[in-house]
Amino acid sequence: MKQTQYVAREPDAQGFIDYPPEEHAVWNTLITRQLKVIEGRACQEYLDGIDKLGLPHDRIPQLGEINKVLGETTGWQVARVPALIPFQTFFELLASKRFPVATFIRTREELDYLQEPDIFHEIFGHCPLLTNPWFAEFTHTYGKLGLQATKEERVYLARLYWMTIEFGLVDTPAGRRIYGGGILSSPKETVYSLSEEPEHQAFDPLEAMRTPYRIDILQPIYFTLPNLKRLFDLAHEDIMALVHQGMQLGLHAPKFPPKPKAA
């Protein structure tokens, strides 16, 4: 487990989390800015989810508000977690249709990027699509597979998650759009991912599993689904057979420089 400077906020006896005014102000800055950036870039299913959630702009939402909407749409819930959780806990939560949400928000010094997933990334980036049955089904299947997987198998599953749920794109009648929460919660990557600069590949789950990534850079390659239902279809395919095939074939050469070593 890596270390983090952030500490998740604890709820009171009624489950209410009290955030200081400055943290509500950070939420307001993040959401108002990002809603403008995703216009014409986010996929319709995500925008439909944003409408369903009705996220407040002036304050950080309470988890109970999110749970009400998710419960009514796909039967999912969010679960309060610390800043960082082990792989095992992550898979256990997804397998039980609970999406982990760390109850802290980034500081203004890390407004544009932070390594740990905070409440803005989780709720704004991921929860809108958890109202979509195709996306929800894939996420649930992914959790169940991860729970049973070996350590080595999990590494290949992690790449699949990264290239879909975190950094996935999708073709639509209106053009290429974003559905990955890692992109949708980042103003810079939202614009960059749809530009001509990175490489775009048609989605192939085996190729996605064999593609290395770094978490601290703009992605050099994005995989594009033909439509969002492809995730639902993938959930009903033999993903673990693809994992084993990927393990036999090995990784592609990375399309980025190695991470510089800390001094």
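Predicted model: local features only at pLDDT ≥ 70, side-chain atom pairs only at ≥ 80, totals over all residues.

Reply: Residues are numbered from 1 along each chain as its sequence is written, and side-chain values use heavy atoms, with hydrogens and water left out.

Me: How many helices and strands are in the protein?
Reply: Both kinds are DSSP runs, numbered from the N terminus: helices are H or I with at least four residues, strands are E with at least two. The protein has 12 helices and 6 strands.

Me: What radius of gyration does the protein have?
Reply: The radius is taken over C-alpha atoms, and the globule rule is 2.2 Å times the number of residues to the power 0.38. With 263 residues, a compact globule would be near 18 Å. The protein agrees with that, at 18 Å.

Me: What share of the residues counts as buried?
Reply: Buried means under 20% relative accessible area, exposed means over 50%, and partly exposed lies in between (1.4 Å probe, protein chains only). Of the 263 residues, the buried share is 52%.

Me: What percentage of contacts join residues at least 24 apart in sequence?
Reply: Contact means heavy atoms within 4.5 Å. Take the contacts between residues at least 6 apart in sequence. The share joining residues at least 24 apart is 68%.

Me: Where is tryptophan 27 found?
Reply: Its relative accessible area is 0%, so tryptophan 27 is buried. Beyond its neighbours within four places in sequence, its contacts include Pro56, His57, Ile105 and Phe120. Tryptophan 27 belongs to residues 21-37, which form helix α1.

Me: How many Å apart in space are tryptophan 27 and lysine 261?
Reply: In sequence, the two are 234 residues apart. In space, C-alpha to C-alpha, the distance is 33 Å.

Me: Why does threonine 74 count as buried?
Reply: Threonine 74 sits in the loop between α3 (63-73) and β1 (77-81). Leaving aside neighbours within four places in sequence, threonine 74 is in contact with Lys97, Leu130, Thr131, Asn132, Pro133 and Ala136. Threonine 74 counts as buried because its relative accessibility is 15%.

Me: What phi does lysine 97 have?
Reply: Lysine 97 lies in the loop between α4 (87-95) and β2 (98-102). Lysine 97 is partly exposed, with a relative accessible area of 31%. Although lysine 97 is not a glycine, its phi is positive, at about 60 degrees.

Me: Is alanine 83 buried or exposed?
Reply: Alanine 83 is in the loop between β1 and α4. Not counting residues up to four places away in sequence, alanine 83 touches Thr4, Tyr6, Ala8, Ala102, Phe104 and Pro117. With a relative accessible area of 8%, alanine 83 is buried.

Me: Which residue has its backbone oxygen 2.8 Å from a polar atom of the serine 185 side chain?
Reply: Serine 185 is in the loop between α8 (181-184) and α9 (187-193). Serine 185 is buried, with a relative accessible area of 6%. The backbone oxygen 2.8 Å from a polar atom of its side chain belongs to glycine 181.

Me: Which residues does serine 185 contact beyond its neighbours within four places in sequence?
Reply: Serine 185 is buried, at 6%. Leaving those neighbours aside, its contacts are Gln34, Arg106, Phe120, His121, Phe124 and Gly125.

Key. Polar contact = N/O pair within 3.5 Å; in protein donor to acceptor, adjacent residues only side chain to side chain.
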